[in-house]
Amino acid sequence: MTSIYLDSGDSEQIRAAAEDCLIRGFTTNPTLLRQVTDDPLRHCSELLGKYDRLEVFYQPTGAYGDLEAESWAAWRLDPHG
């Protein structure tokens, strides 16, 4: 099975791909998230709330200081976790 992940933090791009059932999830990185939000964890949480069937690959951004604490906070966003 082939799995496609959209490399984006843009809500509209993710919405369009998710509605078309084109992607299994989305990936992020600090640069992509800085282009769309000042609060990457909140942004990813909102996206997961809308599209809970999608997987997300989150890279800590440093926006909150401690990368390990940010990693744990991102891990806790999992709606199935």
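Tryptophan 72 and tryptophan 75 sit 3 residues apart in helix 4 (residues 67-75), so about one helical turn separates them. Helices (H or I, at least four residues) and strands (E, at least two) are DSSP runs, numbered from the N terminus.

This is a predicted model: local features need pLDDT of at least 70 and side-chain atom pairs pLDDT 80 or more, while totals for chains, interfaces and linings use all residues. Residues are numbered from 1 along each chain as its sequence is written, and side-chain values use heavy atoms, without hydrogens and water.

**Aromatic pairs**
- The structure holds 2 aromatic pairs. Rings of Phe, Tyr and Trp (its six-membered ring) pair if their centres lie within 6.5 Å; planes under 30 degrees apart are stacked, over 60 edge-to-face, the rest tilted.
- Tyrosine 5 and phenylalanine 57 pair edge-to-face, because their planes stand at 85°, with centres 5.1 Å apart.
- This pair links distant parts of the chain: strand 1 (residues 5-7) and strand 3 (residues 55-57), with the two residues 52 apart.
- Tryptophan 72 and tryptophan 75 are also edge-to-face, at 5.6 Å centre to centre and 85° between planes.

**Accessibility**
- Buried means under 20% relative accessible area, exposed over 50%, partly exposed in between (1.4 Å probe, protein chains only).
- Tyrosine 5 is partly exposed at 27%, and so is phenylalanine 57 at 44%.
- Tryptophan 72 is partly exposed at 45%; tryptophan 75 is exposed at 58%.

**Nonpolar cores**
- The largest nonpolar core has 8 residues, including Ile14, Phe26 and Leu54. Such a core joins buried Ala, Val, Leu, Ile, Met, Phe, Trp, Tyr and Cys residues through side-chain atoms within 4.5 Å.
- Helix 1 (residues 11-19) gives the largest share of this core, 3 residues.
- Another core, of 5 residues, lies apart from it; Leu33 and Ala74 are among them.
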